[in-house]
Amino acid sequence: MKYTIFGESHGPAIGVVLSGVPAGLALDLEEVQRELDRRAPGKSQLSTARKEADEVHVLSGLFEGKTTGTPLAMVIQNSDQHSNDYEDLRYTPRPSHGDYAGFMASGGCLDYRGGGHFSGRLTAPLVAAGAVAKQVLARRGIWVGAHISSIYGISDASFEEPEELKAVAGKEFPVLDDEKGKEMQEAIREAKNDQDSVGGAIECAVVGLPAGLGAPDFGCNVEGIFSQYLFAVPAVKGVDFGAGVAFAYMRGTEANDPFEVRDGKVVTRTNHAGGVNGGITNGMPVIFEVTMRPTPSISLPQETVDLRTGEEVEIEIKGRHDPCIVHRAVPVIEAAAALAACQVLGV
């Protein structure tokens, strides 16, 4: 399946067109909505105050409750925009946002309000597409789960079995260890009080992919496919599979995953490789961690350039912004992983 996201943060609506959806899928729209509700803004002081219902409406590709095999188009209305908050930023790009890069790429024609097409608001239709992908995967016994692995240096507990992640999806703050979650929330509140922001990381597992999918080559490498989808999520700046950067501190005897037979099936005793060897799935859960940068929109004064005059100027960003986007991004990462898994499977 391939997706195309459309719309802008302060436009009338945002949405996604998902092509290649298998015909005959009894699409559970309530489940799609539940995924969107996990990501929705305005639910706590840890997130932006912007309130959006994020109700999904299907425009095409669905008839009598089943997918038709034609492009599935879904749209989400925007209703709570404060566009005037961004007028002063039209020609003064916010540091570390997509403003300047987008201005140059579009020849100055981009919608600057709320970040336009570069906004995290556009992750809502991505979640909708991912919710469809999850239902396609479920028919094959494959599921995706994630949790906050860290925020501002505060780490969540590690899971022993990926199935532990299933319980996290129902939590308002998706961590395994709720006490660590409280520490993370306090760090977010402190950053907000300081008119600042914090970053963190999300760990995700895709369980049930059979061994032998993918290839070592460019374009077919499983890690490459997942990375392409994950780096399309705003604020993602790093992707590690399995032990990731910890490999730099290991010897081969620690890093290798010994094979064994369990219940008549070849498995590995550990999963430091994250379920991928030589660009190909080995039958173990595909496990990765994404690192997400702190929200660039902070209320403290910052230095930039006035693109009309070329002069260095100072700006103060107004509007409503997340002091941390990590907790809202968990279903977004799951969605990207589900879409990537569908490509790996060839569906």
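How many residues apart are arginine 38 and glutamate 35 in helix 1? They are three residues apart, so about one helical turn separates them.

## Basis of the report

The structure is a predicted model, in which local features need pLDDT of at least 70 and side-chain atom pairs count only at pLDDT 80 or more, while totals for chains, interfaces and linings use all residues. Residues are numbered from 1 along each chain as its sequence is written, and side-chain values use heavy atoms, with hydrogens and water left out.

Helices (H or I, at least four residues) and strands (E, at least two) are DSSP runs, numbered from the N terminus. Two strands pair if DSSP finds at least two bridges between them.

Strands of a sheet pair through backbone hydrogen bonds, either parallel or antiparallel. Serine 150 is placed opposite alanine 201 of strand 9.

Contact means heavy atoms within 4.5 Å.

Four bridges connect strand 3 with strand 6 (residues 72-77), and the two run antiparallel. Serine 60 has alanine 73 in strand 6 as its bridge partner.

## A hairpin

Strand 16 (residues 302-305) and strand 17 (residues 312-315) run antiparallel, with four bridges between them. Glutamine 302 is bridged to isoleucine 315 in strand 17. The two strands form a hairpin with six residues between them, and glycine 310 in the turn has a positive phi of about 80 degrees.

## Salt bridges

The whole structure contains 17 salt bridges, a salt bridge being a side-chain nitrogen of Lys or Arg within 4 Å of a carboxyl oxygen of Asp or Glu. Arginine 38 forms one with glutamate 35, and their closest N and O atoms are 3.2 Å apart. Both residues are buried; buried means under 20% relative accessible area, exposed over 50%, and partly exposed in between (1.4 Å probe, protein chains only).

Glutamate 35 also meets lysine 134 in a salt bridge (2.9 Å, N to O). This pair links distant parts of the chain, since glutamate 35 is in helix 1 and lysine 134 in helix 3, 99 residues apart. Lysine 134 is buried, as is glutamate 35. A network of salt bridges links Glu35, Arg38, Lys134 and Glu334. Elsewhere, aspartate 54 and arginine 39 form a salt bridge (3.1 Å, N to O). Aspartate 54 lies in the loop between helix 1 and strand 3 and arginine 39 in helix 1, so the pair ties together parts that are 15 residues apart in sequence. Both aspartate 54 and arginine 39 are buried.

## Individual residues

Aspartate 99 lies in helix 2 (residues 99-105). It is buried because its relative accessible area is 14%. Apart from neighbours within four places in sequence, aspartate 99 is in contact with Pro93, Arg94 and Leu110.

Glycine 24 is in the loop between strand 2 and helix 1. With a relative accessible area of 36%, glycine 24 is partly exposed. Glycine 24 and phenylalanine 63 are 39 residues apart in sequence, and their C-alpha atoms are 9.5 Å apart in space. Leaving aside neighbours within four places in sequence, glycine 24 is in contact with Lys66, Thr67 and Arg139.

Valine 266, in strand 12 (residues 265-268), counts as exposed because its relative accessibility is 53%.
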